[in-house]
Amino acid sequence: MLNLINATKLFNPGTPDEKIALINANLNIKPGDFITVIGSNGAGKSTLMNLISGVLKPDIGQVVVEGTEIQSMPEHKRSRWIGRVFQDPMAGTAPTMTIEENLTMAYKRGKPRGLAWGATAAKRKLFREQLSRIGIGLEDRMSAKVGLLSGGERQALSLLMATFTRPQILLLDEHTAALDPARAELITRLTQEIVREMNLTTLMVTHNMEQAIRLGNRLIMMDQGRIILDIPEERKSSLTVSQLLGEFERISGHQLSDDRIVLG
Amino acid sequence: MIDSIYGAIALGLLYALMALGVYMTFRILNFPDLTVDGSFATGGGIAAVMITHGYHPALATLAAFAGGILAGMCTGLLHTKGKVNGLLAGILMMIALHSINLRIMGKPNVSIVNVDTLISPIVKPVGLFILVAGIGVLIVKLLLDVFLHTDTGLALRATGDNERMIRSFGANTDRTKILGVSLSNGLVAVSGALIAQQGGFADVTMGVGMIVIGLASVIIGEAIFGARSVFFATLAVVLGSIIYRIVVALALRVELLKASDLKLVTALIVIVALVVPYVRRVLKQRSVARKRSAELLSTAMPGKGGRS
Ligand SMILES: Nc1ncnc2c1ncn2[C@@H]1O[C@H](COP(=O)(O)OP(=O)(O)OP(=O)(O)O)[C@@H](O)[C@H]1O
Ligand SMILES: [Mg+2]
């Protein structure tokens, strides 16, 4: 359903600071795939996500969604298909606006916005139901400003906002990395539940090796702008963390260096 | 004394529309738009010229609104599509508008005395003026409140709050910015049109310093009345504009100040309002840090372990 074909992205091309963020990356995401992505710092994981979401445009190569090339389509138009949660809990919500206002904006993802009243009673009822699903009491604070929520609560809200309208693809870029272990666990559990229940096609960057193996049906490994390994479900289910790290060293010739790495 | 305060309230109401425009850009869009100095005079100029040519003052005021929207649209396009820095885009438009305003007016000053204006039927008892102008401003304020709660209005607010987030939900933030700056300058131009009708003339220099006055009104209003929600924030802006005019009227009665000192005083109000919260925050942080350090030392607590 989503294909990345020979995608290459350079930063500061032609200058002494030239950086190859992604080189000749090919990825074929099938409907229902839940792919975890691991790799060293600067491997190009975020760049891969940004090429899909349209934050960045590839220098060469195509991004194809269901047969349509979208590499030159602006970010805001692609959001019709794509739901996203960022690493920074501050990034996914508007802090001076209320929970219900944030949900109203998420509800309109990819739809035209007119002059109709935003948070109607019908929508608020829907939001209340959705909020109670994540079970952290946000349904009773719908008119509170999001800036008052903790990082974990904001990330849970971001996750709900990104998913409750059923995006074709869900992109999660280290969305638990900025949280303490207990909150990270909560968000991981929620992610798993939501993805399974809604059968969302998901790409999730994580620095937690155990999680990368436990979650999802595919695992890809990146290093220095390349996708160096794509592990299918059959092999993934029997993989251990030390095997995974060994595999990385064997292919890349060096140890996996991730300053946020969690082995599990 | 009382008369001058009533007069100040009346003026404050007319300027409140300008302050609402400044609130839209500075607070909602988080975009310091300096077009205001130019578009205020554009509004005054368009209204004055049309009224002297015999057009209905309501139509003239509506045309001023359109003129302001157009001016704001240019600034918005410059900033979003032309990638010109926001402050610079506003300054460029402000300068360009000075020439355009002279073209519109044909001369630096257009007088509209002894003709019917929107203001002339209600000008007599100042109480009536305040009532009618107050209702008018309230209607505009409420319309703005409603707009800011529509889907488009929410996207506009989110653009100023977290641009990356609202883009990930499919809003074209270039468009929301242009819309916001246009609407803001439309309000500013209407305010200019009303001030011209109230004063009996339009002058190319009538907008000089407007941006700072607008900002002062926003800041005074927020400081006194708070800004818990959009509804209260816009109310605070209107009241801030009135209080600003009352302060000015009182300051002028004190013989120490001359009318020409006003801009300095206004600038000082804004400077104080910007600097005080910052200083207060720094001082508070410092005292909290000291207290916590002292606590930690006295209990000789071992450092909390970092994350893995
Ligand atoms: N805007 C930018 N300008 C210049 N270089 C950049 C920019 N963004 C990323 N890079 C560089 O491109 C490379 C890939 O970056 P990317 O953010 O995709 O890595 P990553 O795998 O997400 O790393 P991390 O684990 O640190 O998040 C890195 O070397 C990075 O320094
Ligand atoms: Mg990254």
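Me: What do residues 230–252 of chain B form, and how far apart are the ends?
Reply: Helices (H or I, at least four residues) and strands (E, at least two) are DSSP runs, numbered from the N terminus. Residues 230–252 of chain B are 100% helix and 0% strand, with end C-alpha atoms 33 Å apart. Residues 178–198 of chain B are also 100% helix and 0% strand, and there the end C-alpha atoms are 30 Å apart. This is a predicted model: local features need pLDDT of at least 70, side-chain atom pairs count only at pLDDT 80 or more, and totals for chains, interfaces and linings use all residues. Residues are numbered from 1 along each chain as written, chains are lettered from A and ligands numbered from 1 in the order written, and side-chain values use heavy atoms, leaving out hydrogens and water.

Me: Which parts of chain B does UniProt call "transmembrane region"?
Reply: The unreviewed UniProt entry gives that annotation to residues 6–26, 87–106, 126–148, 178–198, 204–225, 230–252 and 264–283 of chain B. Keep in mind that UniProt positions follow the numbering used here, feature names are shortened, and annotations may be inferred rather than shown by experiment.

Me: How do I read the packing of α2(B) against helix α4 of chain B?
Reply: Two packed helices are described by the angle between their axes and the distance between the axes. Axes are lines fitted to C-alpha atoms, for helices over the stretch in contact, and angles run from 0 to 180 degrees between N-to-C directions. Here, the axes of α2(B) and α4(B) (residues 86–105) come within 9 Å and cross at roughly 10°. So α2(B) and α4(B) are roughly parallel (under 35 degrees; over 145 is roughly antiparallel, 65 to 115 roughly perpendicular, the rest oblique). Among the residues making the contact are Gly45(B) and Val49(B) of α2(B), and Met94(B) and Met105(B) of α4(B).

Me: Is Thr42(B) buried or exposed?
Reply: Buried means under 20% relative accessible area, exposed over 50%, and partly exposed in between (1.4 Å probe, protein chains only). Thr42(B) has a relative accessible area of 4%, so this residue is buried. Thr42(B) sits in helix α2 (residues 36–52) of chain B. Leaving aside neighbours within four places in sequence, Thr42(B) is in contact (heavy atoms within 4.5 Å) with Leu97(B), Asn101(B) and Ile104(B).

Me: And Lys258(B), buried or exposed?
Reply: Lys258(B) counts as exposed because its relative accessibility is 57%. You'll find Lys258(B) in the loop between α10 (230–253) and α11 (262–299) of chain B.

Me: Over to chain A. What is the strand order in the open sheet of 6 strands?
Reply: Strands of a sheet pair through backbone hydrogen bonds, either parallel or antiparallel. Two strands pair if DSSP finds at least two bridges between them. In this sheet the order is β6-β7-β8-β3-β9-β10 (chain A), and the pairing is mixed. The edge strands, β6 (82–85) and β10 (226–231) of chain A, each pair on one side only. β6(A) pairs with β7(A) (residues 169–173) in the parallel sense over 4 bridges, and Ile82(A) has Ile169(A) as its bridge partner in β7(A). Helix α5 (residues 151–163) of chain A lies across β6 and β7 of chain A, at about 175° to β6(A).

Me: What is the pairing in the open sheet of 4 strands?
Reply: That sheet is antiparallel, in the order β2-β1-β4-β5 (chain A). β2 (19–29) and β5 (68–69) of chain A each have a single partner strand, so one side of each has no neighbour in the sheet. Strand β4 (residues 60–65) of chain A pairs with β5(A) over 2 bridges, in the antiparallel sense. Val64(A) has Glu69(A) as its bridge partner in β5(A).
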